[in-house]
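Biologist: I am new to this structure. Could you show it to me and then take me through its rings, helices and loops?

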Amino acid sequence: MFGAAARFVECEALIQKSKSNRPPDVVWDVPLGWSDQFFDQAQTIITTSAATPTISKVQAIILIHNHSGNLDSKSSACWLLGGLAIRLAQGLGLNRDCEEWDIPESEKQTRKRIWWSLYVADRFHSASLGRPISIRDEDNDVGYPDAVATWKEVLDEPDDNQATLDPSTEARFPSAMCRPKQQQSNAKVGIYQLFIELIKLSEILGRILQGLYTPKAKKVGLEQGSDAIVTQLDHQLTEWRFGFPEALQKADFEDF
């Protein structure tokens, strides 16, 4: 709860343009910096119970890892928490292939999404701070999560068995604007396609950091040159950019 609050409580204040198009009664005017208290509480709870790894702790760290309030003062704390999250996740086996494990498919997908969220955060946070990456590709054999999900999952609706046992159970987001027709609730939607492409980009970013910016790579580059690896990485980036699924190729993204 504190992790989610730290991550999202200031979104309204940061996106000032959204206020002009919304009724005054739905605008929550939150002062900048207010999320710090939630960040600090989440950090305290996580670090004081770090000896016991849980999925929820890893999820909370992922949320506060992208803390938007007072970034300069929190960057070192986020860096340390990110390392803790990776150790917790590895302790839970999130970095290992779980396809053959005797667990529900939904749990497999959750594990994959959490691990790859950590992976993306590790790569981009390392690049932004100029610090070493914490996840080695050699220690990771988990596959990508599925690119699609059912509308029931997207809207967090109860499954049929739960709805039968408790008829009063309702969807968590009954006011969703894009809510599909009832007969289409089991249809698949490619909600994670962009996430998977971000994972692939993060893998390339890791190779860039390892191949060009580590102390050893810089030394080798000075002695032997780096044209070959730069050419290889440029080719990988080009393949990534033009290998988008059709739905993403047709999407109107800025800077693409």
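Modeller: Let us begin with an aromatic cluster, which is formed by Trp-116, Tyr-119 and Tyr-144. Rings of Phe, Tyr and Trp (its six-membered ring) count as a pair if their centres lie within 6.5 Å; planes under 30 degrees apart are called stacked, over 60 edge-to-face and the rest tilted.

Biologist: What kind of model is this, and how are residues numbered?

Modeller: The model is predicted, so local features need pLDDT of at least 70 and side-chain atom pairs count only at pLDDT 80 or more, while totals for chains, interfaces and linings use all residues. Residues are numbered from 1 along each chain as its sequence is written, and side-chain values use heavy atoms, with hydrogens and water left out.

Biologist: How many aromatic pairs are there by this rule?

Modeller: The count is three aromatic pairs. In one of them, Trp-116 and Tyr-144, the ring centres are 5.3 Å apart and the planes stand at 65 degrees, so the pair is edge-to-face.

Biologist: Why does that pair tie together parts that are apart in sequence?

Modeller: Trp-116 lies in helix 6 (residues 105-129) and Tyr-144 in the loop between helix 6 and strand 1 (149-150), so the pair joins parts 28 residues apart in sequence. Helices (H or I, at least four residues) and strands (E, at least two) are DSSP runs, numbered from the N terminus.

Biologist: Is Trp-116 buried or exposed?

Modeller: Trp-116 is buried, with a relative accessible area of 2%, whereas Tyr-144 is partly exposed at 32%. Buried means under 20% relative accessible area, exposed over 50% and partly exposed in between (1.4 Å probe, protein chains only).

Biologist: Which charged residue lies over the face of Tyr-119?

Modeller: That is Arg-123, at 4.2 Å from the ring centre. A charge sits over a ring if NZ of Lys or CZ of Arg is within 6 Å of the ring centre and within 35 degrees of the ring normal.

Biologist: Turning to packing, at what angle do helix 6 and helix 9 pack?

Modeller: Helix 6 and helix 9 (residues 193-213) pack at about 40 degrees, with their axes 9 Å apart. That makes helix 6 oblique to helix 9. The contact includes Trp-116, Tyr-119 and Arg-123 of helix 6, and Phe-195 and Leu-198 of helix 9.

Biologist: How are axes, angles and contacts defined?

Modeller: Axes are lines fitted to C-alpha atoms, for helices over the stretch in contact, and angles run from 0 to 180 degrees between N-to-C directions. Angles under 35 degrees count as roughly parallel, over 145 as roughly antiparallel, 65 to 115 as roughly perpendicular and the rest as oblique. Contact means heavy atoms within 4.5 Å.

Biologist: And how do helix 9 and helix 11 cross?

Modeller: The axes of helix 9 and helix 11 (residues 227-241) come within 10 Å and cross at roughly 175 degrees. Helix 9 and helix 11 are therefore roughly antiparallel to each other. Trp-240 of helix 11 is among the residues in this contact. Trp-240 is buried, as is Phe-244.

Biologist: What about helix 10?

Modeller: Helix 10 (residues 215-224) has 10 residues, of which one is buried, so it lies largely in the open. Gly-225, with a positive phi near 85 degrees, follows helix 10.

Biologist: Lastly, where is Gly-190 found?

Modeller: Gly-190 is in the loop between strand 2 (188-189) and helix 9. Gly-190 touches Ala-147 and Val-148, not counting residues up to four places away in sequence.
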